[in-house]
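Open the model in your viewer and keep the sequence panel beside it. The stops below each give a selection and then say what is there.

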Amino acid sequence: MTVDEIIEAVGAEVLQGKGRTDLDINYAFAADLMSDTLFIVARDDEPILLITGVTNTSVVRTATILDIPLVLIVRGKKIPPETIQLAIENEIILLQTPKIMFDSCGLLFEKGMKGCPWRLK
Amino acid sequence: MINKLFFPVITSDYPSIGSKALEVKKKLKDFFPKSDYLRRLGVCIFEAEANLVIHTNQGGSLEILVFKDRVRIIASDKGPGIKDLSKALTPGYSTAPESARQLGFGGGVGINNIKRFADYFFLTSSKQGTTLLFEVWNDDDKATN
């Protein structure tokens, strides 16, 4: 899915659009625990979408460390400006949807998005 | 040794969690161009950093020693220590406060993530403090000792 298709599927707002906008993203990982997110690894040739309800700066740091180019924040939470600023600095595209995580995952799954199968070896 | 980095880590400074790990990853990009290796290293340092912020009472430090074929990380603090090491190494067991959990930390997988991804792992703890030493080896040129 393109970034635009993901935006359309979950009715997302773009909070920060600077980054790799030309990607074709086919795999996603959803978690509210950043340590759980750290358990997976994105591959160079297969970018991953991170879906989370976490809004603090750690979500951007987690994405940056794992080379995750796109983060979707669910449940319409208020995003601290420092999170958006850090996303700009690290070129992590940041989206937000008012939908809950379950619905967001379901909508993306319907469009062909799959769960991330990779973990660190 | 190619480089040595040192970072003090402050107790309960939740907004800073991951900042040292990210800085190390960026600084070592030129030394270790393999992105998979840098991700593995970054995850381990992130977890060690989070543990220092969440679980210490006087903060602690991260010492990063960079060698040609590996990076050695020493995370140390002055207490209060880990009461039960075997429980701390059980996935899902956590003594993190609610404030940490609300921010997405304290899921009880941190030390296990490090143990799983590091190539060398040593943990010792008493009331006087905890020292976690681990190494992440570059796959292309594994350390031999």
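Predicted model: local features only at pLDDT ≥ 70, side-chain atom pairs only at ≥ 80, totals over all residues.

Residues are numbered from 1 along each chain as its sequence is written, and chains are lettered from A and ligands numbered from 1 in the order in which they are written.

**Stop 1: chain B as a whole**

Select chain B and colour it by secondary structure. Five helices and five strands make up its secondary structure; helices (H or I, at least four residues) and strands (E, at least two) are DSSP runs, numbered from the N terminus. Read from the N terminus, the order of elements is β-α-α-β-β-α-α-α-β-β. The C-alpha trace spans about 40 × 30 × 25 Å along its principal axes. Chain B has a radius of gyration of 15 Å, which agrees with the value near 15 Å for a compact globule of 145 residues; the radius is taken over C-alpha atoms, and the globule rule is 2.2 Å times the number of residues to the power 0.38. Of the 145 residues of chain B, 41% count as buried. A residue is buried if 20 or more other C-beta atoms lie within 10 Å of its own, exposed if 12 or fewer, and partly exposed in between, with C-beta atoms placed from the backbone.

**Stop 2: the sheet of chain A**

Now select the strands of chain A. Six of them form an open sheet with mixed pairing, in the order β1-β5-β4-β3-β2-β6; two strands pair if DSSP finds at least two bridges between them. At the edges stand β1 (13–16) and β6 (114–115) of chain A, each with a single partner strand, so one side of each is left without a neighbour in the sheet.

Next, select strand β4 (residues 70–73) of chain A. A:Leu70 and A:Leu72 point one way, A:Val71 and A:Ile73 the other way, and all are buried. On one side, strand β3 (residues 48–52) of chain A runs parallel to β4(A) and is joined to it by four bridges; here A:Ile51 has A:Leu72 as its bridge partner. Strand β5 (residues 93–96) of chain A also pairs with β4(A) in the parallel sense, over four bridges. In β5(A), A:Ile93 stands opposite A:Leu70, and A:Leu94 is the bridge partner of A:Val71.

**Stop 3: helix α3 of chain A**

How many residues of α3(A) are buried? Nine of the nine are, so α3(A) is largely enclosed by the rest of the structure. These buried residues pack against α2 (34–37), β3, β4 and α4 of chain A, together with α1 and α2 of chain B. After the helix comes A:Asp67, whose phi is positive, near 60°.

**Stop 4: the contact between the chains**

Show both chains. The contact takes 23 residues from chain B and 20 residues from chain A; two residues are in contact if their C-beta atoms, placed from the backbone, lie within 7 Å. On the side of chain B that touches chain A, α2(B) gives the most, with eight residues.

Then select B:Gly18, in the loop between β1 (3–9) and α1 of chain B. B:Gly18 counts as buried because it has 29 C-beta neighbours inside 10 Å. Leaving aside neighbours within four places in sequence, B:Gly18 is in contact with A:Ser58, A:Arg61, A:Thr62, B:Phe46 and B:Glu49.

**Stop 5: the core**

Which residues have the most contacts inside the largest nonpolar core? They are A:Val71 and B:Cys44, in a core of 76 residues. Such a core is a set of buried Ala, Val, Leu, Ile, Met, Phe, Trp, Tyr and Cys residues joined through C-beta atoms within 7 Å. Its largest share, 11 residues, comes from helix α2 (residues 35–55) of chain B. Finish by selecting B:Cys44: not counting residues up to four places away in sequence, B:Cys44 touches B:Ile73, B:Ile114, B:Phe117, B:Ala118, B:Phe134 and B:Val136.
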